[in-house]
Amino acid sequence: MQLEPIPYLFSPSAPTKLGLNAKAACLALDQRALGGFWSEKQWQEELERQANICIGYWSTPGAETLLGLICGWVVADEIQISMVAVEPSKRRLGLGTKLLQDLLARAKEQGCLRASLEVSEANQAAIALYEGVGFSTCGIRNNYYRNGDNALIKVKDLCEI
């Protein structure tokens, strides 16, 4: 039985690589989705870093509204996911899953064998997202976040995708 592709309601655009020209949009989405997790300087560094993979979905091709983004650092044969943000009004439509799948596929194409990330143990929505694409918990970092939350260390073997 052949499954029909699921239409994504969040964006008609294809994922695009994010560069410095997207810094303002990244800052704005970070503010709306995460309360300003990274500073402008951190976004500058993230978008300039050569070993990074940063991709996003826009409301329409060439638009200024970034609906979702994901960034990761390629270190040796691993992609370390550093940021996932989805426009609050577009959550639970499959965008986070699509972002993760796109990033993992690109990382595998670049020779990555494994993916890792940290997530607050209080962020049940994000944990469900990561576990839904096959991440498992391999450790914990106590008091990792500014607010004192612990971080779960999650990993995924990319050989299976």
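Reader: Two strands pair if DSSP finds at least two bridges between them. Taking that as given, do E4 and E5 run parallel or antiparallel?

Author: Parallel: strand E4 (residues 78-86) is joined to strand E5 (residues 114-120) by three bridges. Helices (H or I, at least four residues) and strands (E, at least two) are DSSP runs, numbered from the N terminus. This is a predicted model, in which local features need pLDDT of at least 70 and side-chain atom pairs count only at pLDDT 80 or more, while totals for chains, interfaces and linings use all residues. Residues are numbered from 1 along each chain as its sequence is written, and side-chain values use heavy atoms, with hydrogens and water left out.

Reader: Which residue in E5 stands opposite Gln80?

Author: Ser116. Gln80 also stands opposite Trp73, from strand E3 (residues 66-75).

Reader: What joins E3 to E4?

Author: Eight bridges, with the two strands antiparallel. They form a hairpin with two residues between them.

Reader: What handedness does the unit of E4, H3 and E5 have?

Author: The β-α-β unit made by E4, helix H3 (residues 95-109) and E5 is right-handed. That is, with the strands pointing away from the viewer, the path from the first strand over the helix to the second runs clockwise.

Reader: Is E4 mostly covered or mostly open?

Author: Mostly covered, with seven of its nine residues buried. Buried means under 20% relative accessible area, exposed over 50%, and partly exposed in between (1.4 Å probe, protein chains only). Strand E7 (residues 151-157) is mostly covered as well, with six of its seven residues buried.

Reader: What does E7 pair with?

Author: E5 and E7 are antiparallel and share seven bridges, and Val119 has Leu152 as its bridge partner there. Strand E6 (residues 136-141) also pairs with E7 in the antiparallel sense, over five bridges. Gly139 is partnered by Ile153 of E7.

Reader: Back to the hairpin turn. What is the phi of Ala76?

Author: About 55°, positive although Ala76 is not a glycine. Most residues other than glycine have a negative phi. Ala76 lies in the loop between E3 and E4 and counts as exposed, at 75% relative accessibility.

Reader: And where is Arg92 found?

Author: In the loop between E4 and H3. Arg92 has a positive phi too, near 70°, and is exposed with a relative accessible area of 82%.

Reader: Last one: where is Asp30, and is it buried or exposed?

Author: Asp30 sits in helix H1 (residues 23-34). It is buried and has no salt bridge, meaning a side-chain nitrogen of Lys or Arg within 4 Å of a carboxyl oxygen of Asp or Glu.

Reader: Which side chain of opposite charge is nearest to Asp30?

Author: Arg146, 7.8 Å away. For charge, Lys and Arg count as positive and Asp and Glu as negative, while His and the chain ends are not counted.

Reader: What is Asp30 in contact with, then?

Author: Leaving aside neighbours within four places in sequence, Asp30 is in contact (heavy atoms within 4.5 Å) with Gly35, Gly36, Phe37, Trp38, Trp43 and Met83.
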